[in-house]
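Please look through the sequence and the structure below, and then read the notes on its sheet, its helices and its loops.

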Amino acid sequence: GNLECDHYLDRGVCDLEFLLLEVPMPRGRPRKGELRPDRPGDLFGSGPACDPLFFEGRARASGFTCIAGLDEAGRGPLAGPVVAAAVILDPDNIPRGLNDSKKLDAETREALFAQIVKSAKIGVGIGDESRIDRDNILAATMWAMAEAVQNLSDAPHYALVDGNRAPKLSCGVQTIVAGDARSLSIAAASIIAKVTRDRIMV
């Protein structure tokens with residue numbers, strides 16, 4: 001049957017029994033939602049679904065010490081700006097409960113926003129409606145992400161970007177599909193972007 005793994009970001013680890021399972025390489029096309037060891041990003045692939053600091057850890061193992069997570073809010077709505085955030089977490093002071101902002105209620109997002117602001121380095125970029133109309137939403141998003149990185153107090157050595165496209169940055173970059181549910185740095189950025197945009201839209 002299918003393997004299931006609880007990978008809530010505030011747990012950070014999986015059950016040891018699950019990690020030690022010997023899983024034969026499956027054949028054929030994967031069923032929807034099925035974990036596949038031969039697919040990048042799955043539990044036994046390049047990005048274990050259970051470890052929300054896997055990508056940060058791999059970057060640090062490669063010699064990068066200042067790692068930023070990037071995400072945006074506002075690409076879907078028809079009105080308002082697109083807001084991007086870049087967050088460099090303090091590895092020794094990571095707020096508990098970080099998760100994809102879409103999975104959190106407004107009260108929890110606000111509480112985590114305050115904790116992230118106190119414990120991490122943050123940059124924000126805002127692409128307004130005139131920029132979106134002039135350049136298109138994708139270009140405005142890439143611009144806002146680059147601005148968010150530019151507005152960090154420290155220049156990152158490496159950036160983890162939610163999605164499959166990244167802005168042009170002067171540091172190393174890795175895109176991560178569904179990164180806000182797979183990386184704590186990106187999850188933190190998603191919260192900053194979402195709360196900032198919500199406050200603008202009030």
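The model is predicted, and local features need pLDDT of at least 70, while side-chain atom pairs count only at pLDDT 80 or more and totals for chains, interfaces and linings use all residues. Residues are numbered from 1 along each chain as its sequence is written, and side-chain values use heavy atoms, with hydrogens and water left out.

**The chain as a whole**

- The chain holds six helices and five strands, and from the N terminus on these elements follow the order α-α-β-β-α-β-α-α-β-β-α.
- Of the 202 residues in the chain, 46% are buried, where buried means under 20% relative accessible area, exposed means over 50%, and partly exposed lies in between, with a 1.4 Å probe and protein chains only.
- Among the contacts in the chain with a separation of 6 or more, 61% come from residues 24 or more positions apart, a contact being heavy atoms within 4.5 Å.

**The sheet**

- Strands of a sheet pair through backbone hydrogen bonds, either parallel or antiparallel.
- The five strands form an open sheet in the order E3-E2-E1-E4-E5, and the pairing is mixed; its edge strands, E3 (121-127) and E5 (172-176), each pair on one side only.
- Neighbouring strands of this sheet are turned by 20° against each other on average, direction ignored, with axes taken as lines fitted to C-alpha atoms, for helices over the stretch in contact, and angles running from 0 to 180 degrees between N-to-C directions.
- Strand E1 (residues 67-73) runs parallel to E4 and is joined to it by four bridges, and in this pairing Ala68 stands opposite Ala159 in E4.
- With strand E2 (residues 82-88), E1 pairs in the antiparallel sense over five bridges, and here Glu72 stands opposite Ala84.
- Strand E4 (residues 158-162) and E5 run parallel and are joined by five bridges, with Gln174 in E5 as the bridge partner of Leu160.
- Seven of the seven residues of E1 are buried, and both of its faces are covered, with Ile67, Gly69, Asp71 and Ala73 on one side and Ala68, Leu70 and Glu72 on the other.

**Two packed helices**

- Two packed helices are described by the angle between their axes and the distance between the axes.
- Helix H3 (residues 106-119) packs against helix H6 (residues 184-201) at an angle of about 115°, and the two axes are 9 Å apart.
- H3 and H6 are therefore roughly perpendicular to each other, given that angles of 65 to 115 degrees count as roughly perpendicular, under 35 as roughly parallel, over 145 as roughly antiparallel and the rest as oblique.
- On the H3 side the contact includes Leu112, Phe113 and Ile116, while on the H6 side it includes Ala188, Ile191 and Val195.
- By class, the contact of H3 with H6 has eight nonpolar, one polar and five charged residues, where Ala, Val, Leu, Ile, Met, Phe, Trp, Tyr, Cys and Pro count as nonpolar, Asp, Glu, Lys and Arg as charged, and the others, Gly among them, as polar.
- Ile191, in helix H6, counts as buried at 0% relative accessibility, and, leaving aside residues up to four places away in sequence, it touches several residues, including Leu98, Asn99, Ser101 and Leu104.
- Ile191 and Val87 are 104 residues apart in sequence, yet their C-alpha atoms are 9.9 Å apart in space.

**Loop residues**

- Most residues other than glycine have a negative phi, and most peptide bonds are trans.
- Asn136, which is not a glycine, has a positive phi of about 95°; it sits in the loop between helix H4 (129-135) and helix H5 (137-150) and is partly exposed, with a relative accessible area of 43%.
- Ala178, in the loop between E5 and H6, also has a positive phi, near 60°, and is partly exposed at a relative accessible area of 39%.
- Gly97 lies in the loop between E2 and H3 and is partly exposed, with a relative accessible area of 22%.
- Gly97 and Leu184 are 87 residues apart in sequence, and from C-alpha to C-alpha they are 9.5 Å apart in space.

Terms used
Two strands pair if DSSP finds at least two bridges between them. Helices (H or I, at least four residues) and strands (E, at least two) are DSSP runs, numbered from the N terminus.
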